[in-house]
Amino acid sequence: MANQSAPFDDLDRKIVAALVANARASFTEIGATVGLSASAVKRRVDRMRENDVITGFTTTVRPAALGWRTEAYVEVYCDSAAPPRRLAEVVRSYPEITAAMTVTGGADALLHVMATDVEHFEEVLERIRTEPFIRKTISYMVLSHLIAGSAEAGASPAAAPSGVLDAMNDR
């Protein structure tokens, strides 16, 4: 990707909003909504993808429909010698870890973990704890989602509040 600076105008914002609402919408459908031809929408989408404005498209799935009924956040505390890229390598090897990020504060990283049940979560947590550079973990089991339209709750991007542009990740 070129990652060049390019103009981003109101039509681009409308196109992105249309894609957030329905990433499967055709260029013709989007064009009818924003007042452009399908080819003009395609050119703009291609430009925004080339410039890393649009980084991809995604499908949001309700986790329980796939059997993932247990959810937790895990704070990870590492030995001082553990660089973030090493932690990234490790978390990619766990399909149960749906998001991972380094954070400020006492913990070094925060993991979002999905599991089939508490026993499965405990097994995943024990595997994480065996990584040689992990000093300790603190887990927080999710009881309920207070924002039902959030991606973590398995909501579709269309159910998210208007203006939320970070619902698009990979297509």
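Guide: An axis is a line fitted to C-alpha atoms, for helices over the stretch in contact, and an angle between two axes runs from 0 to 180 degrees between N-to-C directions. The model is a predicted one, in which local features need pLDDT of at least 70 and side-chain atom pairs count only at pLDDT 80 or more, while totals for chains, interfaces and linings use all residues. Residues are numbered from 1 along each chain as its sequence is written, and side-chain values use heavy atoms, with hydrogens and water left out.

In sequence order the pattern is α-α-α-β-α-β-β-α-β. Of its 171 residues, 35% count as buried, where buried means under 20% relative accessible area, exposed means over 50% and partly exposed lies in between, with a 1.4 Å probe and protein chains only. Among contacts (heavy atoms within 4.5 Å) between residues at least 6 apart in sequence, 71% join residues at least 24 apart.

Helix α1 covers residues 10–21, twelve in number, and from its first C-alpha to its last it reaches 16 Å, close to the 16 Å expected at 1.5 Å a residue; that expected span is 1.5 Å times one less than the number of residues. Its N-terminal end is capped by Asp 9, one of whose side-chain oxygens lies 3.1 Å from the backbone nitrogen of Leu 11. The buried residues of α1 are Asp 12, Ile 15, Val 16, Ala 18, Leu 19 and Val 20, and they pack against α2 (27–34) and α3 (38–50). As background, an α-helix has 3.6 residues a turn, so residues three or four places apart point the same way.

The packing of α1 with α3 can be described by its geometry and by its residues. The two helices pack at an angle of about 85 degrees, with their axes 11 Å apart, which makes α1 roughly perpendicular to α3; that label covers 65 to 115 degrees, whereas under 35 counts as roughly parallel, over 145 as roughly antiparallel and the rest as oblique. From α1, the residues Leu 11, Asp 12, Ile 15, Val 16 and Leu 19 take part, and they meet Val 41, Arg 44, Val 45, Arg 47 and Met 48 of α3.

Leaving aside neighbours within four places in sequence, Asp 12 is in contact with Pro 7, Arg 44, Arg 47 and Met 48.

Helix α3 also packs with α2, at an angle of about 100 degrees and with the axes 8 Å apart, and the two are therefore roughly perpendicular to each other. Phe 27, Thr 28, Ile 30, Gly 31 and Val 34 of α2 make this contact with Ala 38, Val 41, Lys 42 and Val 45 of α3. In the loop between α3 and β1 (70–78) lies Asp 52, which has a positive phi of about 60 degrees although it is not a glycine. Asp 52 counts as partly exposed, at 33% relative accessibility.

Thr 137, in strand β4 (residues 134–141), is buried with a relative accessible area of 11%, and a polar contact of 2.8 Å joins its side chain to that of Arg 129. Leu 111, in strand β3 (residues 109–115), is buried at 2%, and its C-alpha is separated by 7.5 Å from that of Val 76, 35 residues away along the chain. Beyond its neighbours within four places in sequence, the contacts of Leu 111 include Val 76, Val 91, Ile 97 and Ile 128.

Methods:
Helix = DSSP H or I, 4+ residues; strand = E, 2+ residues; numbered from the N terminus. Polar contact = N/O pair within 3.5 Å; in protein donor to acceptor, adjacent residues only side chain to side chain.
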